[in-house]
Amino acid sequence: MLYTKRGHFLPYCLPDITDWEINEVVETLKSGWLAKGPKTMQFEKEFAEYVGAKYAVAVNSATAALHISLIAAGIGPGDEVITTPMTFAASANTIIHAGATPVFVDIDPMTGCIDPKEIIKKITKKTKAIVPVHYAGQACDLKAIYEIADQHGLFVSEDAAHAIYTRYDGNLIGYKPKGTVSYSFYATKNLATGEGGMLVTDDEEIANKARVLITHGMSKNAWNRYSKGGSWKYDIEVPGYKYNMFDLQAALGKIQLARIEEMQARRAEIAGMYDKAFRGLKGIDLPEVHRATTTHSWHLYVIKLALENLRIDRDQFIDELNERNIGTSVHFIPVHLMSAFRERYGYKMGDFPKTEDWFERIISLPLYPTMSNEDVNDVIVAVKDIINLHS
Ligand SMILES: Cc1ncc(COP(=O)(O)O)c(C=O)c1O
């Protein structure tokens with residue numbers, strides 16, 4: 001079949017914002033309450049109810065939530081925290097921000113998530129916590145991870161930046177969490193507030209500490225000190241951070257949460273269209289889902305090139321897609337290969353073969369609710385055309 005190039009560029013990601021979100025933001029602007037206030041409190045309550053956790057603390061990013069989780073759990077200098085290199089730098093940077101040392105372990109090559117068997121090999125006397133990442137929206141092997149954590153007395157801070165809507169054993173990630181779970185509401189995420197995040201936990205002490213830490217360490221309820229009934233008096237209990245969410249973000253977040261089923265249904269539909277179109281193609285391997293335990297959130301649709309069947313590499317494949325007006329991304333450049341981590345900790349190429357092999361082969365295709373069926377078809381036709389030309 002003759003290939004026809006798409007007329008305009010298809011971004012790899014776009015947020016899904018309707019008049020409902022816009023009206024809520026305008027109403028918030030008119031309310032006079034722009035900083036952290038009633039909308040943030042409502043969003044926290046609704047989010048906690050949605051995932052099934054006791055406490056939700058709204059913050060300005062998943063990075064903030066990950067950082068605060070470790071500090072509130074008492075992780076600090078001298079401690080080691082195990083995580084995956086197949087993640088965004090935030091998962092590892094925040095371990096360093098807490099004063100601890102990140103220790104990477106390789107992934108399960110089926111899912112891209114941290115391999116519990118590798119975790120066991122890296123546990124030392126200094127190990128205090130694990131930061132598993134629900135990669136692309138696939139749940140980690142939580143049963144194995146929590147068993148290891150229980151055996152060795154480790155804290156678990158789940159990085160759920162990709163995992164709003166992901167289910168593990170029938171329950172949403174964040175349901176009755178044993179440690180903490182951190183979500184991202186960055187512009188590209190399944191629930192987007194521009195920048196934003198949420199820390200959820202069932203541990204009252206951690207929730208209370210987190211609330212204090214995210215507003216400079218101010219004593220509780222300082223957020224409403226300018227309201228009638230609020231008090232101008234506050235104490236700084238610890239030198240904390242300025243990490244709180246504010247009401248304009250929460251206005252977006254509340255409506256995005258109310259629309260989550262609708263947005264997720266479209267994501268699943270698009271992932272299904274890709275699966276159907278690509279199944280059996282020699283040039284690519286499709287995302288594999290542990291269907292027995294997991295419902296995927298389809299934050300990302302990551303294909304893996306079967307390089308042995310292609311005459312081009314991953315970068316050339318991306319260039320060819322770009323040439324055909326299809327935007328893509330790569331999730332992720334392994335963190336251990338970043339210069340900061342090579343220089344500080346001596347990590348090098350070859351340390352995590354499965355992660356590195358994965359990295360050489362992955363491409364994230366466009367996947368977001370506002371894509372039309374024609375957009376999806378343009379991606380499918382472009383991918384097939386490149387495989388035909390180069391296999
Ligand atoms: C796996 C993972 N963890 C953490 C983060 C950080 O999220 P945020 O930008 O909300 O700080 C991201 C962001 O892309 C991510 O992909």
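Hi everyone, let me start with the lining of the largest pocket: its residues divide into 10 nonpolar, 11 polar and three charged. Please keep in mind that this is a predicted model.

How much space lies in the largest pocket? About 400 Å³. The lining is made of 24 residues, and the ones closest to the centre of the pocket are Phe88, Ser184, Tyr186, Lys189 and Phe332.

Of the elements, H3 gives the most, with three residues. The domains come in here as well: domain 1 (19-258) and domain 2 (260-390) each supply at least three residues to the lining of the largest pocket.

Now let's turn to the sheet. As a reminder, strands of a sheet pair through backbone hydrogen bonds, and they can do so parallel or antiparallel. Here we have an open sheet of three strands, ordered S7-S6-S11, with antiparallel pairing. Why is one side of S7 and of S11 left without a neighbour in the sheet? Strand S7 (171-172) and strand S11 (294-295) stand at the edges, and each has a single partner strand, so one side of each has no neighbour there.

Strand S6, residues 167-168, runs antiparallel to S7, and two bridges join them. To find one of these contacts yourself, go to Arg167: the bridge partner of Arg167 in S7 is Leu172.

Note on methods
Residues numbered from 1 in each chain as written. Predicted model: local features only at pLDDT ≥ 70, side-chain atom pairs only at ≥ 80, totals over all residues. Heavy atoms only, no water. 1 Å grid on protein atoms, 1.4 Å probe; cavity = no way out; pocket = protein on both sides within 12 Å on 5 of 7 lines; lining within 4 Å. Points joined across faces, edges and corners; volume = space filled by probe spheres on them. Helix = DSSP H or I, 4+ residues; strand = E, 2+ residues; numbered from the N terminus. Nonpolar A, V, L, I, M, F, W, Y, C, P; charged D, E, K, R; others polar. Domains from an automatic or database assignment. Pairing = 2+ DSSP bridges.
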